[in-house]
Every structure is written in C-alpha cells, then in structure tokens.
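Student: I would like to go through this model by question and answer. Please give the cut-offs as the terms come up.

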Amino acid sequence: MLQILIQGLLLSGLYALIAMGFTLIFSVGRVLNLAYGAYLLIGGYAYFYFSQQLGLPKIAGVMLAGVLGCVLGLLKYQLLVKRVQGVHSAVEIATLILAVVLQSAVVLIFGDSSKILLPIVPGVERVASAAIPYSNLVATIISWAILIGLYFFVRLTHTGRAMQAVSMDAKGAAISGIDANRINMITWGISGTLGAIGGVFFASYTQLYPGMWVAPLIIAVAVVIVGGIGSIIGTLVVAHIVGFMEIIVSSWNPELRGVFTMLLIILVLVLRPRGLFGREEIH
Amino acid sequence: MNLRWYHFAAWGALIAAMLLMPRLVDLGLMGRGTLRTMIQACYLAMFAISWDVLSGRTGYISFGHPFLIGIGAYGTAILSKKFGVPVELSIPLAVLITMIGGLVVLLPALRIKGSYFALVTLAFMELMYQLVQVIRPDLTGGTRGLSGIKTLTRGAENGYMLAVSLMLAVALGCWLLMRTRFGTALWALGQNEEAVSGSGLSTIRLKAMAFLVSAFVAGLAGAFLVHYNGSLAPRAMFDINSVFTIIVAALIGGAGTILGPVLGAFFLTFLLEWLRPFLPGAERFLVYGAVALVLYMYQPKGIYAIIEGGLKRLWGRA
C-alpha cells in the first residue's frame, strides 16, 4: 500500500512535469506539437552525451539539456510552425515528420540500442519496505518546484498574464497591445526547456532509447486533454490520476499498464471534449 | 461523373503500363528486386488511398490508420491460421470486421474534430497495440506476432500482378466514387461542415460513408498484405513510423486526389530503396523525413500539384 502511494507520487510528479510543457504550447498557440516528444528524446540524449560521455558535472548536463531544448523549441517555432500557422493539420503533420526526423538523427549519432543512464543522485532510501531511489525523489521535488514556479509565473507576472491572454483570445490580446509573436517565442522556449528536462528525468526513470518519446507524448497529451486546456491545476490533478492508475494497474497486471490511460483519453474526449477542468472555447 | 475521353486514355495507359512491368524483367531491363519493391509500393499506395479518402478530403486527420489495417490483417490471419477458415472466406470476413472497426472510429468523429480527433485515433492505435499482446495471446501470438500464414502467391511476378491489380482496382474505384456527388460532398465537408449540413445533407451519413470506404480499403489491403508477407508483428504494425509513412505518402503525392497518394507511395518506397546502400538502418528515415518535410513546406499540395502546374505551363506556352 505504502509502496503504491510512494511510487504513484513519484511517477505522477514526473508526468506532471512532462505534461506542463505540452499544455503551455497547446493553450497558447492552439498547436498540437507532436514533436514535443522529440524534446524529451533530445533532452535525454543531451544529458547522456554531456554528463556520461564528456564527463561534465551532472547538474551541468541537466542545464545544457535544458538549453538545447530551449534552442530547439525556438528554432522549431521560427522555421516551421510560424510558416504553416493557422492550418492545424499542417502543423500537426509537419511536427510529426520533424519528430521522426529527429528520432532518426539520434539513431544515426548514438545507434539503435538502448543506453542506461547512471542515476542523477545515487543511493536508495527505504521507507517501510518501499525502496525510493534518490534520483526519483529529486526528480519529483524538482518537478514540483518547477510546477509551482510556473504557476506563479503564469498568474502573477506580466508576461505570464500575457500568455494567458493570448491563449484565451488572440485578437483581444493583440488589441491590448500584446505582441503575440514575442509571447509565442517565450512559450516555445519554456516548453522546449521543460520537455528536455522532463526527458532527462524520464530517461533515468525508464531507459534511454530512440523510440522512448512516443509513450510519454501520449501520456502528456492524455493529461492535458483530460485535464482541460489551459488549466495548470487540471494538468496537475490528472497527472496524478494517470500516474496512480498506472502504478495500481501495473501492481495488479503489468501488461495492462497503458491500456487504462488510452481508454481514459478516448472516453473523456468522446464524452466531454473540453476536459474535466477546461473552460469553454471562445471562437 | 463528367468523364472525358482523356480520362479513359490516361487510365488505360496507366493500367497497361503497370501490368506490363513484369515484361521488363523478362527483357532484362529491370531486376526482380525492383518488382518486390513495387509490391511494397502498391500496398503502401492502397493504405495511402484509404487515408486520403478519410482524412485528405474531410479534414478528419487520422493518426491511427494502422488500427484499421491491423484489424484486417489480424482478422484474416487469425481466422485462416487458428480456425482453418479458407482464405476465400477469411479475407471478406476480415474486411467486414474492419468496416465495423471503422464505425468504432466514427463514434468520436461525431462529436470532436481537428486535433482532438487526431489524438483519439492515435490512442486507438496504441490501445490496439497493447491489447493485442495481452488479450488471448494464444490467438494473436502476443508480442511475437504470427508467422506461417498461408501465402496466396509464389514468386515476385505473381505477387506483383496480384498487388498491382488490387491497387489499380482500388484506385479506379475510389477515383470514380470521388467524382460522384458523394465525393464532392466529402470535399465540401472538409471545407465547411456547417455549410454542408446547412445545404440539407446529413453530415453523419457522409462521414459514416467515408469511414466505411476508408476502412474497406484499409482492411482489404491489410488482409492481402498479410497473405503476401506470411507473417505479422505487432511492433511493426502499430508503429508511429508506419503512420508516418502512410500520411507522408498521401501528402507528398497530393492529398485529396487519388493518383497523388499512388505517386507518393511509389516515390517514397523507391527513395527508401535507393537510400539502402548508403544508410542501412533506421537512419534512412532522416533523409526520407527531411525530403518529405522540405517538399511539404514547399508545396503542401504535393507532387500531383507540381506536375499539374508544370503541365499547365507547357500547355499554355505551346
């Protein structure tokens, strides 16, 4: 029981972090960024390269992965998304192609086989027969810190509120003197950084291989959609529902682990398309 | 339908050219390997046509097309291998089951559209992938999949003739269907759904028809592909790369046209083959994807539109 509680909390924190970067783009740009999974991939591999192949300090590896994710996000916005913006299916398809291209780039550089990441913080804590690797604990604490920071950033700062405004009504925001392009750039940058850092933790939680981005992408999508677009609280709550559901189901039958997440997405999308906590769309 | 003499001429020329390909092998102008590559291209072309009927026209982008293909493939494989149903019966049955699967995908499309629909279809595919391995692995073969499925043809030439006749029949059938009022209505659905329902047409019925036609083609091609390969594996079937290949083939060729996806499928399959000597593994998708991305950004309407534009220019100048 305690084992389930602790593992559920650890996994949910990770999912919340991954989903947060995705929800930012989805709510501000209304862009379904399928290449978001590629940030996770690039983040994981960048950390592996910098800290395990070049032997830089681990904290520097995480930072560099974040920077790389940020650059990637900005480049993608400038070169790809901006050019096809307005046509949703075009953005989805272009980002899907990009994700596959980046995946093969990783295969080309690092090979097809999976890599094992050394734990970011070594050591294991035992609490009443439940083993908690420090790495997972650190990942959870960092993701909570980032989430709280992000929540206050979006709520309290001028830029954060401008992001909210653009996500609610782009025209209204433009009339109020908000430069949508600048806000979009900031959002894509933050999203890339969050994705890459999430990727480092996710890779150390599972393993590092070129196809690792698909499962967390689907989970991020599930969390965001079930939680409701633009709702940070909703994202947080649903990340915990999905995380705990996976842990409980896999303690009962590990093979069915992902099935309920998929069923949840399908059911919620069909029955309540705006999500559990989302607001009505303004057209 | 508005058919003209040059339509008949163009289709006649295409069918004749495709059916005469094996003669090139006899003459020594082409290797047998090329014929096998063309078989792959034919099946990819059918999948792309199926995707195009559903997504290229109506704007309901499906990211889960392998869901439908997989039902057809698993359907006939299980029926023929595990229950001893003759292939003549198991393929039509599998196609029928796939069409029921198409109606399952239709359910979300009645309420949601755009990005949300794309996601549900992706979730359908992932769900299918996980369920196939868990539920009744004695029937589905679990993670390993099935092998030793009865093959219909022997040798490259017979396989090619079967694949190409199927592909041409599907292409011609869909092309004719899309020239009817139904095809026009589907295209209008993609432009403006409110306007279509405002004109007194039932959008539900139109969507249902589109999903059924798409599922029919997907199931048919999936079933015959299994009986050509003789095996199937869940990881290769329900893979994001296979979604990617189908969508890119339809888009690069030209979505919303029937010949476009066929062109795209042949172009991409041969591109992948030509890259093989230089890049043996999954790295090929790097070049492949980059070519696709550049072509898509340059001309979202695809090769078909590029050729059409070129022809118009020639015509205009001459």
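Student: Which residues of chain A does the UniProt annotation "transmembrane region" cover?

Tutor: This is a predicted model, in which local features need pLDDT of at least 70, side-chain atom pairs count only at pLDDT 80 or more, and totals for chains, interfaces and linings use all residues. Residues are numbered from 1 along each chain as its sequence is written, while chains are lettered from A and ligands numbered from 1 in the order in which they are written. UniProt positions are given in the numbering used here, feature names are shortened, and annotations may be inferred rather than shown by experiment. According to the unreviewed UniProt entry, the annotation covers residues 6–26, 33–50, 56–75, 87–111, 131–154, 185–205, 217–244 and 256–273 of chain A.

Student: Over residues 131–154 of chain A, how far apart are the end C-alpha atoms?

Tutor: Helices (H or I, at least four residues) and strands (E, at least two) are DSSP runs, numbered from the N terminus. Residues 6–26 of chain A are 100% helix and 0% strand, with end C-alpha atoms 30 Å apart. Residues 131–154 of chain A are 88% helix and 12% strand, and their end C-alpha atoms are separated by 35 Å.

Student: What radius of gyration does chain A have?

Tutor: Chain A contains 11 helices and two strands. The radius of gyration is taken over C-alpha atoms, and the globule rule is 2.2 Å times the number of residues to the power 0.38. For 283 residues a compact globule would come out near 19 Å, and chain A agrees with this at 18 Å.

Student: Which helix supplies the largest share of the side of chain B that touches chain A?

Tutor: Contact means that the C-beta atoms of two residues, placed from the backbone, lie within 7 Å. By that criterion 39 residues of chain B are in contact with 33 residues of chain A. Helices H4 (87–109), H5 (115–134), H12 (240–253) and H14 (284–298) of chain B each supply at least two residues of the side of chain B that touches chain A. The largest share, 14 residues, comes from H5(B).

Student: In helix H8 of chain B, which residues are buried, and why are they on the same side?

Tutor: A residue is buried if 20 or more other C-beta atoms lie within 10 Å of its own, exposed if 12 or fewer, and partly exposed in between, with C-beta atoms placed from the backbone. The face of H8(B) turned away from its buried side carries the exposed B:Arg181, B:Thr184 and B:Gln191. In H8(B), residues 181–191, the buried ones are B:Gly183, B:Ala185, B:Leu186 and B:Leu189. They are on the same side of H8(B) because they cover an arc (of the directions from the helix axis to the C-beta atoms) of only 160°.

Student: How many C-beta neighbours does B:Ile149 have inside 10 Å?

Tutor: B:Ile149 is placed in the loop between strand E1 (146–147) and H7 of chain B. Its C-alpha atom is separated by 6.4 Å from that of B:Ala77, 72 residues apart along the chain. B:Ile149 counts as buried, since its number of C-beta neighbours inside 10 Å is 20.
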